[in-house]
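I opened this notebook to record what I looked up in one structure. The entries run from the whole chain down to single residues.

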Amino acid sequence: MRNILRYAHPEVTHRIAHLVMRHVSPFYEIEPHLETELLGVRFRCPVGTGAGIDKNGELLRTFQKVGAGFHVIGSVLLREHRGNPHPRLYRYPERLAMINAMGLPSKGVKHVLKNIYRADIEIPLIVNIAGFNIEEFVTLSKILDRIGIVKIVELNISCPQYKNIDLHNPELLYDLLTRVREVTSKPVLVKIRPRNVDIRKIVHICESFKNVGLTISNSFPIKADFLSSGVGGVSGLPLYRLVFRLIKLVRDISDIDVVACGGVFTSRQVIELMRKLKVSLVQVVTAIAYEGPLAIMRIVKDLSK
Ligand SMILES: Cc1cc2nc3c(=O)[nH]c(=O)nc-3n(C[C@H](O)[C@H](O)[C@H](O)COP(=O)(O)O)c2cc1C
């Protein structure tokens with residue numbers, strides 16, 4: 001089944017996953033010893049989704065059902081945005097990798113809030129927000145500050161499609177975090193790219209604010225002439241070692257809270273990240289894109305064992 005899903009068209013995977021999910025009931029106990037904490041928030045298990053799987057908050061119950069410790073919605077934009085034209089996704093099943101150039105399609109924050117209110121769920125939510133300028137990040141943070149079930153705001157400063165502004169620039173990042181802190185006291189994660197970053201400076205800036213951690217990382221930016229925007233982000237297994245190395249660099253200088261994201265497919269990787277690098281949470285994206293939401297169930301079950 002996993003192999004069929006791996007090679008199927010993304011739309012087909014999505015449909016099969018939904019069909020299966022309708023007939024799956026919550027079926028297993030999550031071990032209490034899987035509980036973890038990040039930025040003062042408690043999670044019943046360290047594995048959950050990453051941004052890109054549920055951009056508009058339409059799969060909240062699905063991921064609660066499969067036993068995810070948390071669910072990331074996003075990237076959410078202030079207003080509706082169509083994203084890039086097709087083709088914008090390419091798969092390399094034999095490498096368990098993908099290149100995407102989605103271009104931040106979003107139905108806008110109002111639509112997402114409606115879905116959150118309607119869902120009646122308990123799973124802690126992380127909302128990943130994106131903006132084309134600092135003001136948009138600030139407005140979104142202010143809106144989310146009022147939503148109790150949103151435990152953490154994740155700032156996507158690293159979309160490979162951003163063109164006019166690079167918020168990895170230390171002065172701009174400082175400005176962004178100062179402005180965001182003025183409108184919300186919620187924990188904040190800064191999601192960075194996996195290369196071309198001055199990691200020392202970024203860590204130093206994040207540490208100068210209360211309750212700010214890092215998500216490492218977004219996809220790896222590359223040129224991709226076969227996709228409509230000409231630029232894409234590599235995700236999946238090839239990213240794992242890169243992410244591991246970058247987190248190791250962070251750990252050499254700091255105890256800052258870190259969420260790992262990139263190429264995680266197995267519970268072994270989760271254990272490696274937690275034991276060796278003191279990562280608190282692990283986000284999964286490409287594994288879900290290949291296998292559907294049951295990828296989370298598989299990893300969490302193995303982790304329990
Ligand atoms: C199809 C697709 C869409 C994505 N969309 C977003 C997004 O909207 N915002 C974001 O911060 N990251 C986005 N990402 C990046 C993922 O959240 C993640 O950082 C990256 O894919 C590495 O994790 P993985 O190897 O488990 O996929 C996307 C990735 C994929 C494959």
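Predicted model: local features only at pLDDT ≥ 70, side-chain atom pairs only at ≥ 80, totals over all residues.

The entries below follow the order in which I consulted the model.

Entry 1: I looked up the secondary structure and found eleven helices and 14 strands in the protein chain. I then took the extent of the C-alpha atoms along the principal axes, which gives a box of roughly 50 × 45 × 40 Å. How does the radius of gyration compare with that of a compact globule? For 305 residues such a globule would have a value near 19 Å, and the protein chain has 18 Å, so the two agree.

Entry 2: For charge, I listed 43 positive and 28 negative side chains. The centres of these two sets are 4 Å apart.

**Entry 3: S229.** I located S229 in the loop between β11 (220–224) and β12 (230–236). Which residues does S229 contact beyond its neighbours within four places in sequence? I found N84, A101 and Q161. I also looked up G83, which is 146 residues away from S229 along the chain; their C-alpha atoms are separated by 10.0 Å. A polar atom of the S229 side chain lies 2.9 Å from the backbone oxygen of V231.

**Entry 4: H71 and strand β4.** H71 belongs to strand β4, which covers residues 71–76. Is H71 buried or exposed? With 0% relative accessibility, H71 counts as buried. The H71 side chain makes a polar contact of 2.9 Å with the side chain of T49. Leaving out residues up to four places away in sequence, I found that H71 touches T49, D54, L59, L60 and F63, and also I123, P124, L125 and I126.

**Entry 5: cis peptide bonds.** I turned next to backbone geometry, given that most peptide bonds are trans. G74 and S75 are joined by a cis peptide bond with omega of about 5 degrees. S75 lies in strand β4, the strand in which H71 is found. I noted another cis bond from H86 to P87, where omega is near -5 degrees. P87 is placed in the loop between β4 and β5 (89–92).

**Entry 6: positive phi.** L39 has phi near 50 degrees and is not a glycine. I found L39 in the loop between β1 (36–38) and β2 (41–43). At 9% relative accessibility, L39 counts as buried. K278, likewise no glycine, has a positive phi of about 50 degrees. K278 sits in the loop between α9 (267–277) and β14 (281–284). Its relative accessible area is 58%, so K278 is exposed.

Methods. Residues numbered from 1 in each chain as written. Heavy atoms only, no water. Helix = DSSP H or I, 4+ residues; strand = E, 2+ residues; numbered from the N terminus. Rg over C-alpha atoms; globule rule 2.2 N^0.38 Å. Lys, Arg positive; Asp, Glu negative; His and termini not counted. Charge placed at Lys NZ, Arg CZ, Asp CG, Glu CD. Contact = heavy atoms within 4.5 Å. Polar contact = N/O pair within 3.5 Å; in protein donor to acceptor, adjacent residues only side chain to side chain. Buried < 20%, exposed > 50% of the residue type's maximum accessible area, 1.4 Å probe, protein only.
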